[in-house]
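Me: I would like to learn how to read a protein model feature by feature, beginning with the whole chain and then going on to its details. Could you take me through one?

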Amino acid sequence: TPSVKIISSSSWPEEGQSIVLTCESKGKPLPEPVLWTKDGGELPDPERMVVNGRDLRISFLNKTDNGTYRCEATNPIGQNSTEYVLIVHDVSNTLLPTTVIPSLTTATVTTTVALTTSTATSATAISTRDPNALAGQTGPDHALIGGIVAVVVFVTLCSIILLGRYLARHKGTYLTNEAKGAEDAPDADTAIINAEGSQVNAEEKKEYFI
């Protein structure tokens, strides 16, 4: 009996291309010819699907050509058949990885390298120039202001301490008019005598400056 096998000319058939399906049939006696069918019926488009001996050529492939193709061989001993499932792929699925992605990748890498270089250069220039300039401008001002404030505070504290000690020690004593005896004396001499006599027992009053 015959042995049948289908060989395809393309492992990845795409729209618009052509494909040749070869039906290899062996037997003794050799089967001749072979019968091609699609999905259990006749070939739907004889103008594009041409059978030449054992070969089935399909030109201008499209999605309607998807299906199961059967090759059937017969000799006087018996009959045998095999099937091939045809799937037509979209053309755009293979064009995108080869044309669009490499160009976008190249542009992205070039832009990234340029930006990284300029950023590193500017950051290095800023870090090497600005800190020294700012330190040279603001350092002496802070030291000078701090010294002046310290001197003013020290002088003010010393003045307050000295003035307080002076006022605390400066006090006076005096005798009242009653102690001097000037109110009851008829004349000045009597008042003096009365005052001198009463100084011993006179009440002494003190005055303090706070």
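Reply: Let us begin with the contacts: among those with a separation of 6 or more, 58% are made by residues 24 or more positions apart. Please keep in mind that this is a predicted model. Of the 210 residues of the chain, 19% count as buried, and the accessible surface comes to about 15200 Å², with 61% of it belonging to carbon and sulfur atoms.

Me: How many helices and strands are there in the chain, and what pattern do they follow along the sequence?

Reply: The chain has 3 helices and 9 strands, and when read along the sequence they give the pattern β-β-β-β-β-β-β-α-β-α-α-β.

Me: How should I read a sheet, and in which order do the strands of the open sheet lie?

Reply: The general idea is that strands of a sheet pair through backbone hydrogen bonds, in either a parallel or an antiparallel way. Here 3 strands form an open sheet in the order β3-β6-β7, with antiparallel pairing. The edge strands, each pairing on one side only, are β3 (34-38) and β7 (79-86), and neighbouring strands of this sheet are turned by 20 degrees against each other on average, direction ignored. Strand β6 (residues 67-74) pairs with β7 over 8 bridges, and Arg-70 has Glu-83 in β7 as its bridge partner. The pairing of β3 with β6 runs over 5 bridges, and there Leu-35 has Glu-72 in β6 as its bridge partner. As for cover, 4 of the 5 residues of β3 are buried.

Me: Is Ala-73 buried or exposed, and which residues does Ala-73 touch?

Reply: Ala-73 lies in strand β6, and Ala-73 counts as buried because its relative accessibility is 0%, where buried means under 20%. Leaving aside residues up to four places away in sequence, Ala-73 touches Pro-2, Val-4, Ser-25, Pro-31, Val-34, Gly-78, Gln-79 and Asn-80. The C-alpha atoms of Ala-73 and Ser-3 are separated by 8.0 Å, although these residues are 70 residues apart along the chain.

Me: How do I read salt bridges, and how many does the structure hold?

Reply: In general, side chains of opposite charge can pair when their charged atoms come close. The structure holds 5 salt bridges, and one of them joins the side chains of Glu-24 and Lys-5 at 3.9 Å, N to O. Glu-24 lies in strand β2 (residues 19-26) and Lys-5 in strand β1 (residues 3-8), so this pair ties together parts that are 19 residues apart in sequence. Another salt bridge joins Arg-54 and Glu-32 at 3.2 Å, N to O; Arg-54 lies in the loop between β4 (49-52) and β5 (55-58) and Glu-32 in the loop between β2 and β3, so that pair ties together parts 22 residues apart in sequence.

Me: Which residues are linked in a network of salt bridges?

Reply: The network links Asp-45, Arg-48 and Asp-65. Within it, the side chains of Arg-48 and Asp-65 meet at 2.7 Å, N to O, with Arg-48 in the loop between β3 and β4 and Asp-65 in the loop between β5 and β6, 17 residues apart. Both Arg-48 and Asp-65 are buried.

Me: Finally, which residues form the nonpolar patch on the surface?

Reply: The patch consists of Ile-145, Val-149, Val-153 and Leu-157, which together have about 360 Å² of accessible area. Val-153 is found in helix α1 (residues 92-169) and is partly exposed, with a relative accessible area of 43%.

Definitions and conventions: Residues are numbered from 1 along each chain as its sequence is written. This is a predicted model: local features need pLDDT of at least 70, side-chain atom pairs count only at pLDDT 80 or more; totals for chains, interfaces and linings use all residues. Side-chain values use heavy atoms; hydrogens and water are left out. Patches are made of residues with over 30% relative accessible area and no salt bridge: like charges are joined within 9 Å, nonpolar side chains (Val, Leu, Ile, Met, Phe, Trp, Tyr) within 5 Å. Accessible areas come from the Shrake-Rupley method with a 1.4 Å probe; for residues, only the protein chains shown count as cover. A salt bridge is a side-chain nitrogen of Lys or Arg within 4 Å of a carboxyl oxygen of Asp or Glu. Helices (H or I, at least four residues) and strands (E, at least two) are DSSP runs, numbered from the N terminus. Buried means under 20% relative accessible area, exposed over 50%, partly exposed in between (1.4 Å probe, protein chains only). Two strands pair if DSSP finds at least two bridges between them. Axes are lines fitted to C-alpha atoms, for helices over the stretch in contact, and angles run from 0 to 180 degrees between N-to-C directions. Contact means heavy atoms within 4.5 Å.
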